[in-house]
Amino acid sequence: MTSRPDQPLLLQQVQLLEAEGVEPRCADVLILEGRLAAIGSSAAAEAAACGARVLEAMGWLLAPALVDPHSHLEDPATGAAETLDSLERSALAAGYGTVALLPRASSWRDRPERLQPLAAISPLQWLLWGSFSHGAQGLDLACHGDQLAAGAIGLAEAEQCPPLALLERGLTLAECGHSPLLLAPREPSLSQGGFVRDGVDALRAGWPTDPPISETLPLASLLALAQRHPERRLQLMNLSTAAGVDLLRQLPAAHRPEATVCWWHLLADSGNLDPIAEGWRVVPPLGTPADRFALQQALVDGLITAVAVHHEALDAEEQLLPLDQRKPGVAGHRFVLPCLWQELVHGRGWSAAQLWQSLCFGPARLLGLDPPGLTLGSNRWLLFDPQRPWSVAQDPWGPRAANQPLLDATLTGQVLAAGLSPGLAAVRLPA
């Protein structure tokens with residue numbers, strides 16, 4: 001491991017994924033000071049002129065940095081579970097270049113003065129969701145126009161659907177314009193106190209179950225409102241059931257709202273997760289194997305637009321609480337790419353371009369960002385080795401959160417370098 005952060009690198013015959021709709025191709029790529037300096041036939045000559053280190057990169061993937069459409073960070077400055085610095089460091093090392101934070105915080109981000117930029121100088125692009133209602137209480141509307149004028153990427157709410165009367169009022173007043181309105185199709189009063197979906201495996205394990213109607217009933221209402229207000233940009237946060245996917249599938253594509261799914265729901269279900277493993281307590285709850293496969297297929301079919309990390313950190317004290325008393329959520333950007341590569345590319349035959357559609361291009365579109373791509377001079381790239389094994393417990397780039405679901409695992413597939421994290425290549429690139 002002798003690479004220097006500022007050392008020029010020539011990647012020979014790396015798989016290059018340049019933009020949405022373009023299949024990867026093999027090419028030589030020169031990287032200078034973390035930026036793409038040359039691609040193709042000129043790369044070798046320029047590399048020789050600047051004394052670049054040459055790496056045989058056959059089988060590695062060079063692609064645009066990933067985009068996380070929604071995660072949580074409650075106390076950026078002094079959080080016991082996670083801070084801005086710790087989350088930024090781990091997200092960059094995981095290949096993420098953009099993270100959008102939901103409004104829940106120690107001071108709920110529902111006013112313009114609470115939407116100030118988190119970091120004046122940061123390699124990672126931080127985006128902030130504003131709040132649909134004050135404190136997500138569902139009692140009165142927050143000042144939508146003022147929040148958007150202050151830089152909010154759009155408006156969001158808590159992990160449940162706001163009252164329909166308030167939602168109808170907000171859509172009719174239309175202060176949000178065409179900005180995204182991200183809402184969770186969930187009604188807690190219908191959950192029956194359960195934390196895993198109805199299914200044979202949940203019943204055998206004795207878990208209290210949450211019926212799919214806690215998602216499908218509010219989802220049907222949200223879809224009806226989307227039809228009533230086609231000029232608004234209503235989005236669905238964290239779809240989690242096969243029944244919910246079926247409701248989306250019944251709509252014509254032109255009338256179908258954009259939707260996200262949490263990465264953990266694509267990987268874990270009530271049939272494949274060990275009863276004592278971390279990761280059971282999430283909102284929305286884990287579903288059955290049929291739910292998981294339906295969510296994966298919905299990404300293939302374009303019914304779901306984006307995969308979210310939905311990072312939610314607990315500190316070590318909170319994580320020790322009994323399952324039914326613990327705040328729900330899982331943490332860890334670093335698991336998303338390697339785990340979904342193994343599950344979807346290696347396991348289900350997806351192409352790299354399909355995976356990037358869900359982890360990069362789709363999330364960027366959902367947030368209203370310019371399409372990501374690899375161009376000369378850009379430092380918003382990652383270098384991924386799908387075959388690289390690594391021990392999670394020995395990785396120093398992880399977040400502070402205690403509720404990481406795969407802490408004892410050895411994973412296959414690792415980000416070797418990232419243009420936004422200069423020190424990463426010096427540690428992870430082979431000697």
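This is a predicted model: local features need pLDDT of at least 70, side-chain atom pairs count only at pLDDT 80 or more; totals for chains, interfaces and linings use all residues.
Close-up 1. Helix α9 covers residues 289-301, 13 residues in total. At 1.5 Å a residue, the helix should span 18 Å. The buried residues of α9 are Asp291, Arg292, Ala294, Leu295, Gln296, Ala298 and Leu299. Glycine 302 follows the helix, with a positive phi near 80 degrees.

**Close-up 2. A stacked pair, tryptophan 263 and phenylalanine 335.** The structure holds 3 aromatic pairs. In this one, the rings lie 6.2 Å centre to centre, with 25 degrees between the planes. Tryptophan 263 belongs to helix α8 (residues 263-267). Phenylalanine 335 sits in the loop between α10 (316-319) and α11 (336-346). The pair therefore ties together parts that are 72 residues apart in sequence. Both tryptophan 263 and phenylalanine 335 are buried. Ring pairs also link Trp263, Trp264 and Phe335 into a cluster.

**Close-up 3. A tilted pair, tryptophan 341 and phenylalanine 384.** The ring centres are 5.3 Å apart. The planes meet at 55 degrees, so the pair counts as tilted. Tryptophan 341 lies in helix α11, and phenylalanine 384 in strand β17 (residues 381-391). The pair links distant parts of the chain, 43 residues apart. Tryptophan 341 has 11% relative accessibility, so it counts as buried. Phenylalanine 384 has 0% relative accessibility and therefore counts as buried too.

**Close-up 4. Arginine 89 over the ring of tryptophan 397.** The charged end of arginine 89 sits 4.4 Å from the centre of the tryptophan 397 ring.

Definitions and conventions. Residues are numbered from 1 along each chain as its sequence is written. Side-chain values use heavy atoms; hydrogens and water are left out. Helices (H or I, at least four residues) and strands (E, at least two) are DSSP runs, numbered from the N terminus. The expected span of a helix is 1.5 Å times one less than its number of residues. Buried means under 20% relative accessible area, exposed over 50%, partly exposed in between (1.4 Å probe, protein chains only). Rings of Phe, Tyr and Trp (its six-membered ring) pair if their centres lie within 6.5 Å; planes under 30 degrees apart count as stacked, over 60 as edge-to-face and the rest as tilted. A charge sits over a ring if NZ of Lys or CZ of Arg is within 6 Å of the ring centre and within 35 degrees of the ring normal.
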